[in-house]
Amino acid sequence: MTKRRFTVITARTLTQGQAMHVGKESKEYVDEISTARMNLKDFEELELHDGDRIRLATKHGSTVLKCAKGDVPQGMVFIAYGRLINPIVGTDTQATGMPDYKGIEVEVERYV
């Protein structure tokens, strides 16, 4: 099974914001926060297809998300900010009260 290291960035998305008005348990919202977007070349290297599930792991923990091709730089994974990324984020806040949700180094592999 192929594994590779990537950098995760998170942000709120327009789709996420619109779906939030329906509710955080709505299909639209959950679909948005549970999808990791990756560069086409990275997809090909890991032999992934839209909708495949991937496991992202750090020293803090892991999470499983579905993947989709996106307009993302090679070597990077974009995830809409939400509860499903919390397991891979550390607890250190550098005295800000908020952990880092950008620049997270992860190992990615297909999840079967």
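Helices and strands here are DSSP runs, numbered from the N terminus. The model is a predicted one.

Start with Glu47. This residue sits in the loop between α3 (40–45) and β3 (53–57). Glu47 is exposed, with a relative accessible area of 56%. Its phi is near 55°, a positive value in a residue other than glycine. Most residues other than glycine have a negative phi.

Now turn to the salt bridges. The count comes to ten. One of them joins Arg4 and Glu45, with the closest N and O atoms 3.0 Å apart. Arg4 lies in strand β1 (residues 3–11) and Glu45 in helix α3, so the pair ties together parts 41 residues apart in sequence. Glu45 is partly exposed, at 44% relative accessible area. Arg4, Asp42 and Glu45 are linked in a network of salt bridges.

Another salt bridge brings together Arg110 and Asp52, at 2.7 Å from N to O. Arg110 is in strand β6 (residues 102–110), while Asp52 is in the loop between α3 and β3, 58 residues apart. Arg110 is partly exposed, at 28%. Asp52 is buried, at 18%.

Lys66 and Asp31 also meet through their side chains, in a salt bridge of 3.3 Å, N to O. Lys66 belongs to strand β4 (residues 62–69) and Asp31 to helix α2, 35 residues apart. Lys66 counts as partly exposed at 27% relative accessibility, and Asp31 counts as partly exposed at 26%.

Asp31 leads on to Ser34. The side chain of Ser34 reaches the backbone oxygen of Asp31 at 3.4 Å. Ser34 is placed in the loop between α2 (27–33) and β2 (35–38). Ser34 is buried, with a relative accessible area of 14%. Leaving aside residues up to four places away in sequence, Ser34 touches Leu65, Lys66 and Leu84.

Key. Residues numbered from 1 in each chain as written. Predicted model: local features only at pLDDT ≥ 70, side-chain atom pairs only at ≥ 80, totals over all residues. Heavy atoms only, no water. Helix = DSSP H or I, 4+ residues; strand = E, 2+ residues; numbered from the N terminus. Buried < 20%, exposed > 50% of the residue type's maximum accessible area, 1.4 Å probe, protein only. Polar contact = N/O pair within 3.5 Å; in protein donor to acceptor, adjacent residues only side chain to side chain. Contact = heavy atoms within 4.5 Å. Salt bridge = Lys/Arg side-chain N within 4 Å of Asp/Glu carboxyl O.
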